[in-house]
Structures are given as structure tokens and as C-alpha cells.
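Colleague: Could you take me through the ligand site and the annotated positions, one question at a time?

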Amino acid sequence: MSETDATEPAVPTPHEPATLESATLGRTVWAEIDLAALEANVRTLRERASGSEFMAVVKADAYGHGLLPVARAALRAGATWLGVAQLPEAVALRDAGITARLLTWLSVPGTDFAAAVARDIDLSASAPWVLDEIAAAARSLGRTARVHLKVDTGLGRGGAYGQDWTTLVRHARPLEAEGAVQVVGIWTHFAHADSPEHPTVLAQQERFFEAVAEAERAGCRPEVRHLANSAATLVHPSAHADLVRPGIAMYGLTPVPQLDDDFGLRPVMTLRARLALVKGLPAGQGVSYGHAYVPATDTVVGLVPAGYADGVPRDATNVGPLLVDGRRTTIAGRVCMDQFVVDLGAGSGASAGDVVTLFGGAPGEPTAQDWADATGTISYEIVTRLGARVPRLHLGAPDADAKAGA
Ligand SMILES: *Cc1c(COP(=O)(O)O)cnc(C)c1O
């Protein structure tokens, strides 16, 4: 038997502008995406790395925030590049009319590299076969493909490792001479950038600059050398190089939650729902599947129409933090596919239609980091896993106050 913690102090319900109230009337669950906060975060990060180009990482539907509105906001705030993991995301950006430099980095044999080359999308290569397929696509179009060679400096994931780097560089040079590809970038990714004192950070950085030097000795003339994700952008200035690639920090979430510093970042996503039902339950009546929560006293519960299909982790059963009826509490019982329950307490004056905040950034609201801590994951997963059926309401876009959809 578990019980909702009713000892936390009451906090005010955040002010809701009238336009937002009407935009969310009748909606079960939605995510407010504060594009003004996103722009402020991009500016904050650019100040940290003022000598470097800024690649806004907008993979995975901009970490769940909506690809196109986020990409446009990042560019308004001074991002000079966009980065995505998968080619279809890059194609979607180009086909929406975005002309900024654009890099995509994960491919498998048979990837439609011609679609990338035709759209001026930069490609990453970690192995000779990737260069061969990119070169074939470029030849078929009579163009030169722009390629970033990726070196594994110790992440042990993508990139060419050890002697394979020498092989990759040697493989690229004749393709450059022929005009099929041009090596415009050399890059790598950190394993431990979120641990500010970790010795691998400097070791990877050293290995990176050695790899760059080797490629340059072989004749490569990259425009950009890059290795810094959000954590490195914020805490490892020596890794800024020619270009930084922040993702999570742009969305206002810290990549180093163990540090007592929010770096002046503002959370961009707020996830809210409206109560679908408020009713009394007697003491001892188990709540929801498996009766994982049983109220000790007669109480009033609220039904929240958001579940794991919307991205609410099932691991948030009995622990997911909420702001409802002016106070902090937690989910009561199982998170189901479409809904969960909250114990509002016997004296609750809440009614159907009242707003429940799952996470956001205003005072008193739980954060995505709180959800990550409660469910044993990282804030990245909390925002990125948001379900496709949750409408994203983009606030602060120049053309509309509250615009639904991606
Ligand atoms: C996702 C990703 C980033 C951004 O990482 P954050 O930790 O979100 O800043 C940068 N570079 C690469 C290669 C990535 O895959």
C-alpha cells in the first residue's frame, strides 16, 4: 500500500494566458513548446562558444519538440547549421525550404545518398563503404558530395577507430581528387562529456586533434572540426573547435544534472493534461490495474487522460511527479496506455477540466529532470519519448501565438 505525499507545501497554479486557455480547451493532453525560451537558450549557448559555428541538433523531431518550428527558431537565434541523425529528417528540413547547412550522420548500405547530395545535405562517413556509396550518388548527379569523416576517439560507437582512421582518410583522398566528394568536416563524439572531471574528455580531444592532423597531412582541407555536444559546449571550452553541436541544452535541460548550475537555460517543453473525471473513492478501494495504489482514507481521485501511448513512462507508476490543484503530488497507481489516476485528497475542490502539469519549468512545476530522477532515466528520454498523438503547441512563433502541429 502506498500513499500520496500530501506534506509538500502548496504552490500557486501558474498563470495561463487567455489564448492558451482557449487553445487547450477540450484537449486531453498537450505539450506547450516555448520557442522564445528556445531562442534564449540558443543565444546563451552561443555566448558560451562565441568563436564557433553553432549546429542546432534537431534529430528525433527536435527531441520531441517539433522539427520545423524548432529548426526555424534556432536559425532565428543565430544557429548556422542544423544536425539530424537520419536522412529523412534532413530531407524534411530541406523540402520545407530551410537552406542552412545541414548534416546527417547515420546511414546503412542502400541509403538514398542521391537524395542527400541533390539537396546539399552534408553526410558523415565512418567507413570506406559509406564513401563509396556517397561517391556513386555524386557521380550519378554530376556533383560533389560534402562529407564529414568521423573518427572514433574513444566513444566506442560510431566513427573509424585506430588504424581504420588511416584507412578511411586514404580512401577519401582519391575520391576527392576525382571530384566526387569533398571532405568538409572531421568530427567525433564524447563518451563522458557530462562528467566534467573525467580523464577521457582530454584524451579524446587529444586523439581528435591528432586525427585531424593526420588527415591534413594526407591532403584533406576540412572547413570544420567539431566534437562538442551540450555538455562539452557548457563545461569544456577547449573542445569548442570550429563548431559546437548542442542538443539537450537548447531545449533548456541540463546535460550535467549533478552540477548545481542551470547555466541560465529555460525549459522549452511543458506537458499538461486536463482532468477527465473527478470522483470519490472509499478507503481501501484499490486504484487502476493491479491496484498498485490503495488509499488509506476516503478520498477524491482525478483521472488524467495521458498514458504510455503519450510517452508517460510506465515506470512512473506511483512516482511520477505532478502539479495539480495547486500542489505537488505523484501519480497514484499504474500508468496505463491512455490514462492514470491522481489522489487529490478528501478536501479537493478540483473538477473535470482542471489543468494538471506533468512537467515544465515554471516555479512549483516538476521538471523533465524530476521525471527522469523518478523513473531512472535521463531528461533526454522524457521529452523525446513524447507520443506522436500529443499535440505540440508552439508558443512564440512569429506567425501565431499558439500554433498546433509540427
Ligand atoms: C545527439 C547528438 C548531439 C547532441 O547531444 P546533446 O547531449 O543533446 O547536446 C551531438 N552530436 C551527436 C553526434 C549527437 O548524436
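Colleague: Which pocket does the space taken by the ligand form?

Modeller: This is a predicted model, in which local features need pLDDT of at least 70, side-chain atom pairs count only at pLDDT 80 or more, and totals for chains, interfaces and linings use all residues. Residues are numbered from 1 along each chain as its sequence is written, and side-chain values use heavy atoms, with hydrogens and water left out. A pocket is an open set of points on a 1 Å grid over the protein atoms alone, where a 1.4 Å probe fits and protein lies on both sides within 12 Å along at least five of seven lines. By that criterion, the space that the ligand takes is the largest pocket.

Colleague: How much of the ligand's 390 Å² does the protein bury?

Modeller: Among the polar contacts (pairs of N or O atoms within 3.5 Å), a polar side-chain atom of K59 lies 2.7 Å from a ligand oxygen, while a backbone N or O atom of G247 lies 2.8 Å from an oxygen atom of the ligand. Of the 390 Å² that the ligand exposes when taken alone (Shrake-Rupley method, 1.4 Å probe), the protein buries 94%.

Colleague: Why do the residues under the UniProt annotation "binding site" not all gather at one spot?

Modeller: The annotation, from an unreviewed entry, covers R157 and M337. They span 181 residues in sequence, so they do not all gather at one spot, the farthest two C-alpha atoms being apart by 33.4 Å.

Colleague: Which residue of this set is in the lining of the largest pocket?

Modeller: The lining residues have an atom within 4 Å of a pocket point. From the annotated set, the lining takes in R157.

Conventions:
Polar contact = N/O pair within 3.5 Å; in protein donor to acceptor, adjacent residues only side chain to side chain. Sits in = over half its atoms within 2 Å of the grid points. UniProt positions renumbered as here; feature names shortened; annotations may be inferred.
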